[in-house]
Amino acid sequence: MGDWMTVTDPGLSSESKTISQHTSETKMSPSSLYSQQVLCSSIPLSKNVHSFFSAFCTEDNIEQSISYLDQELTTFGFPSLYEESKGKETKRELNIVAVLNCMNELLVLQRKNLLAQENVETQNLKLGSDMDHLQSCYSKLKEQLETSRREMIGLQERDRQLQCKNRNLHQLLKNEKDEVQKLQNIIASRATQYNHDMKRKEREYNKLKERLHQLVMNKKDKKIAMDILNYVGRADGKRGSWRTGKTEARNEDEMYKILLNDYEYRQKQILMENAELKKVLQQMKKEMISLLSPQKKKPRERVDDSTGTVISDVEEDAGELSRESMWDLSCETVREQLTNSIRKQWRILKSHVEKLDNQVSKVHLEGFNDEDVISRQDHEQETEKLELEIQQCKEMIKTQQQLLQQLATACDDDTTSLLRDCYLLEEKERLKEEWSLFKEQKKNFERERRSFTEAAIRLGLERKAFEEERASWLKQQFLNMTTFDHQNSENVKLFSAFSGSSDQDNLTVHSRQLQKKPHSMSNGSPVCMSKLTKSLPASPSTSDFCQTRSCVSEHSSINVLNITPEDIKPNQVGGECTNQKWSVASRPGSQEGCYSGCSLTYTNSHVEKDDLP
Amino acid sequence: MNFSEVFKLSGLLCKFSPDGKYLASCVQYRLVVRDVNTLQIVQLYTCLDQIQHIEWSADSLFILCAMYKRGLVQVWSLEQPEWHCKIDEGSAGLVASCWSPDGRHILNTTEFHLRITVWSLCTKSVSYIKYPKACLQGTTFTRDGRYMALAERRDCKDYVSIFVCSDWQLLRHFDTDTQDLTGIEWAPNGCVLAVWDSCLEYKVLLYSLDGRLLSAYSAYEWSLGIKSVAWSPSSQFLAVGSYDGKVRILNHVTWKMITEFEHPAAINNPKIVVYKEAEKSPQLGLGCLSFPPPRAGAGPLPTSESKYEIASVPVSLQTLKPVTDRANPKIGIGMLAFSPDSYFLATRNDNVPSAVWVWDIQKLRLFAVLEQLSPVRAFQWDPQQPRLAICTGGSRVYLWSPAGCLSVQVPGEGEHSPAGTGTSALLFVVWRHTGRTGEAPAISSQGNCPQRLCVNLKAGAQCTGDPLPSALQGRSSPSLT
């Protein structure tokens with residue numbers, strides 16, 4: 001079995017696969033197309049298997065093969081294929097359940113093995129690739145090693161050459177040095193030789209000169225003479241003096257005098273220079289002190305005491321020095337003080353300057369940072385702003401586009417209705433406001449009307465009384481006039497006149513009734529209103545009034561909005577000229593609080609109304 | 001700028017009197033003394049032979065004429081023309097003759113520097129000084145004329161003797177630590193004597209009047225050393241020019257080097273003004289072609305125009321490659337001169353022969369460079385103001401002042417002949433010392449034709465109102481007023 005496994009490794013694996021597939025298919029629903037195809041493909045293999053199995057087991061040797069299998073299986077630790085024999089004499093029966101279990105177990109085992117095999121194969125592949133990689137790496141490294149070895153050899157060679165060269169150069173240098181030394185020696189020797197020769201020659205020359213001198217000078221040369229007409233006086237007018245020891249001493253004296261004069265002159269110059277330098281130094285010091293002292297006041301508190309004491313020292317020193325006229329002091333005594341104080345101050349100045357430098361650099365840096373930050377903040381703000389604007393613009397564009405679309409597509413009913421609703425709502429709102437306004441007005445009117453009616457009633461009563469009086473008076477008259485005929489005709493006229501007047505009365509009464517009617521009615525038509533208002537004396541037409549009213553209300557609302565925030569500040573004089581009336585009117589209210597502004601506007605509107613022509 | 005007519009001259013002998021009133025010039029064996037202002041001949045003296053050297057006495061009363069070939073010195077008095085004096089050195093010979101500062105003694109150096117004879121014009125006395133050293137500058141007088149320092153050589157050692165000039169008494173005698181002393185020079189204040197060694201060794205020694213060694217300075221070894229030395233008129237600085245092309249300035253307090261001025265051939269500093277002489281052949285106008293050719297009296301015709309241009313830095317100056325295997329190679333600082341106010345120092349590097357460097361001594365830096373077309377022959381400072389006159393052997397005088405540069409064509413003696421035949425070459429310039437009167441200075445310059453010598457003289461009186469116009473900075477004005 002082991003042999004078989006090894007020999008038919010690939011075939012078996014594929015077979016077993018197909019088998020497993022087969023089994024799984026059998027387990028699964030067989031109607032799948034895929035499995036059918038697989039089946040088709042596995043047909044030759046299964047045939048093969050069959051043939052193989054047929055070779056192992058035939059009709060004739062079932063028993064043997066079963067026993068063989070049983071043996072094999074038992075040796076592998078599987079339970080026996082045969083049933084437990086109850087009696088030895090009875091032939092052992094093939095236990096189907098055991099067979100099946102065995103088969104299942106075998107199959108499971110097989111599957112496990114396959115899995116393991118797969119794993120092993122993948123691992124093998126992996127390892128193979130790893131191996132390949134490692135091998136390539138190895139070869140590469142080998143190559144590298146080779147090249148580096150070669151390089152090393154080359155470098156070693158070069159190193160050797162360079163060393164050789166270096167040695168040669170060293171040798172050359174040494175040679176050159178030797179040469180130089182030799183040449184120097186030669187030069188020196190030549191120089192000495194030259195000097196020697198020169199000396200020798202000079203000696204000879206001197207000898208010759210001496211000889212010549214003796215020859216030429218010693219014998220009285222008559223030719224050597226001065227032929228002069230008369231001697232002239234000396235340039236300084238003095239007579240020549242004899243050479244004596246005195247003159248020698250005098251000459252010495254004069255020489256030293258000259259030298260002394262020169263030295264004195266130089267000393268004077270140096271003193272002057274020194275004085276000037278000292279002056280400069282002093283001035284510098286003073287300036288330093290003046291420069292440092294005001295600035296030091298602040299830092300002195302901060303800076304450790306040492307510098308402070310130094311400054312005080314310095315100031316003391318300065319005071320001392322300025323008190324003593326330092327020019328008269330010899331350098332020795334002054335020098336130390338002066339130099340010390342200057343040094344100190346210089347140190348202070350230096351540190352101060354350094355500090356300032358540091359500050360400046362710091363400030364510079366900070367400034368840089370601040371600027372940076374600010375700019376960044378600005379930048380961010382700006383960008384934010386711009387983004388906002390862009391968004392707004394986008395929204396605007398969107399809405400505009402929507403509107404355009406609505407317009408273009410004649411807008412579907414829903415949106416229009418919605419929009420209309422929106423508009424209606426707004427309208428409603430406005431109407432409500434107006435309505436409340438009107439209500440107010442109406443109340444006023446009613447009040448007025450009532451007063452009118454009351455007055456009219458009173459008038460009627462008075463007229464009644466008057467008529468009654470007149471009737472009584474007429475009655476009396478009539479009773480009195482019955483005596484006169486012509487009085488009768490007059491009476492008729494009078495009666496007619498009376499009737500006319502009664503007509504008028506009726507009319508007025510009627511109108512009164514008419515006037516009363518709109519009270520009960522909701523004020524619907526403006527015509528009616530106009531009729532109504534016409535009766536009111538010196539009042540503008542209601543339509544006008546309404547217009548003004550609305551206008552005023554708008555105005556007022558605007559004004560309230562405009563003014564109130566401004567007028568919260570108490571001492572602000574009214575703003576725009578158009579609002580001046582309003583501001584004047586609304587100020588007391590608005591000063592109390594802007595909440596009352598709304599109600600105030602109504603009262604204000606009355607004022608305004610009164611102002612209207 | 002005005003020029004006189006041209007005077008004859010021989011041996012380059014032409015000297016202003018120290019008081020600036022007279023001009024002495026030699027023509028062969030005749031000595032001509034002219035009044036500077038009028039240029040009229042005041043005196044004319046005839047010597048015994050061709051004059052080789054002339055010298056005014058310090059009080060401008062006498063003129064010394066030396067005839068070295070004959071070993072003769074003749075002295076003439078300006079006040080008494082009939083007065084004469086003849087000194088004969090006889091067989092001892094004569095190589096140098098000079099006045100003592102008092103103007104009453106004559107120092108004659110005999111041949112082979114055997115001795116110096118001091119002849120007095122006041123008394124019959126004659127003094128001899130033995131062993132003078134044969135060197136470039138072996139005698140020097142202090143400015144006040146009190147003392148003379150003399151280089152001596154005895155027993156192969158250098159000595160310096162200091163004499164009192166009034167009675168020629170030896171004041172100090174000391175040996176100097178030099179291999180081969182070549183020069184001595186008193187500081188203008190007369191208290192310090194600078195002594196320098198030969199070019200084989202760089203060594204400057206400074207001695208006090210009483211013979212103490214104040215300091216010794218050596219910049220380097222094993223190379224050619226000092227070539228020129230100059231005191232500043234304030235005695236404050238000693239400028240030492242050497243063969244390495246540097247000038248070292250020593251101070252008078254510590255006698256240490258303050259600074260060294262290099263003379264590089266390339267100038268890169270943009271602060272330095274470089275004046276470059278540029279020559280332009282004159283454009284042939286119609287006037288030049290007119291016939292007959294214009295008389296020279298109508299005005300000099302310069303053969304070519306020359307003017308200064310301000311070169312833009314960096315500038316590289318023309319250098320001469322020195323021949324190193326011969327003696328006295330043309331390298332190093334050969335000429336040095338402080339301006340009379342000590343503010344400027346003019347130098348010439350011998351391997352950049354056509355350039356003059358002017359240094360600002362107050363700031364111790366290079367101030368200006370003048371590059372001429374031909375090698376600079378000589379330069380001299382105006383004794384009155386910081387103004388430098390330069391001549392290059394051409395027919396022009398060049399003037400430099402802090403305000404600018406100027407080149408002036410000097411009318412040659414060929415004025416009366418057709419142009420071109422008589423070109424003059426200026427070989428030296430001399431400023432007139434104006435003395436106490438504070439007169440304006442005059443330039444004397446000398447032209448040299450192969451055989452004939454002439455003097456070009458600028459009358460001082462006429463040039464008073466001719467300061468260097470600053471507008472002409474860097475430009476030449478060949479025209480003559």
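## Strand β9 of chain B and its partners

In β9(B), Cys85(B) is the bridge partner of Val75(B). Strands here are DSSP runs of E with at least two residues, helices are runs of H or I with at least four residues, and both are numbered from the N terminus; two strands pair if DSSP finds at least two bridges between them. A hairpin of six residues connects β8(B) to β9(B). This is a predicted model, in which local features need pLDDT of at least 70 and side-chain atom pairs count only at pLDDT 80 or more, while totals for chains, interfaces and linings use all residues. Residues are numbered from 1 along each chain as its sequence is written, chains are lettered from A and ligands numbered from 1 in the order in which they are written, and side-chain values use heavy atoms, with hydrogens and water left out.

β9(B) also pairs with a strand of chain A: β1 (residues 225-228) of chain A runs antiparallel to β9(B), with four bridges. Within this pairing, Ala225(A) has Asp88(B) as its bridge partner, and Met226(A) has Ile87(B).

## The interface of the two chains

How many residues of chain B are in contact with chain A? There are 52 residues of chain B in contact with 44 residues of chain A, where contact means heavy atoms within 4.5 Å. Chain B and chain A bury about 4,500 Å² between them, with 55% of it on carbon and sulfur atoms; buried area is the accessible area (1.4 Å probe) that two parts lose on being put together, summed over both. On the side of chain B, Leu114(B), Cys156(B) and Gln169(B) lose the most area to chain A, together 14% of what that side buries.

Across the interface, 14 residue pairs are in polar contact, both residues being at pLDDT 80 or more. A polar contact is a pair of N or O atoms within 3.5 Å; within protein, one must be able to donate a hydrogen and the other to accept it, and residues adjacent in sequence count only if both atoms are side-chain atoms. In chain B, strands β9 (84-88), β12 (115-120), β13 (126-130), β15 and β17 (169-175) each supply at least two residues of the side that touches chain A. The largest share of that side, five residues, comes from β9(B). By class, the side of chain B that touches chain A has 22 nonpolar, 14 polar and 16 charged residues. Ala, Val, Leu, Ile, Met, Phe, Trp, Tyr, Cys and Pro count as nonpolar, Asp, Glu, Lys and Arg as charged, and the others, Gly among them, as polar.

## Salt bridges

The count over all chains is 24 salt bridges, and between chain B and chain A it is four. A salt bridge is a side-chain nitrogen of Lys or Arg within 4 Å of a carboxyl oxygen of Asp or Glu. One of them links Glu210(A) and Lys130(B), at 3.3 Å from N to O. Glu210(A) lies in helix α5 (residues 96-218) of chain A and Lys130(B) in strand β13 of chain B, so this pair joins two chains. Glu210(A) is partly exposed at 29% relative accessible area; buried means under 20%, exposed over 50%, and partly exposed in between (1.4 Å probe, protein chains only).

Within chain B, Arg153(B) and Asp158(B) form a salt bridge with their closest N and O atoms 2.8 Å apart. Arg153(B) is buried, with a relative accessible area of 13%, and Asp158(B) is buried at 0%. Another salt bridge joins Arg248(B) and Asp244(B) at 2.9 Å, N to O. Salt bridges that share partners also join Glu202(A), Lys133(B), Arg153(B), Asp158(B) and Asp180(B) into one network.

## Two buried loop residues of chain B

Lys133(B) lies in the loop between β13 and β14 of chain B and is buried, with a relative accessible area of 8%. The side chain of Lys133(B) comes to 3.1 Å from the backbone oxygen of Leu181(B). Beyond neighbours within four places in sequence, the contacts of Lys133(B) include His113(B), Ala151(B) and Glu152(B).

Thr142(B) is in the loop between β14 (139-141) and β15 (147-154) of chain B. Thr142(B) counts as buried, at 3% relative accessibility. A polar atom of the Thr142(B) side chain lies 3.3 Å from the backbone nitrogen of Arg146(B). Arg146(B) in turn forms a salt bridge with Glu254(A), the closest N and O atoms being 3.1 Å apart.
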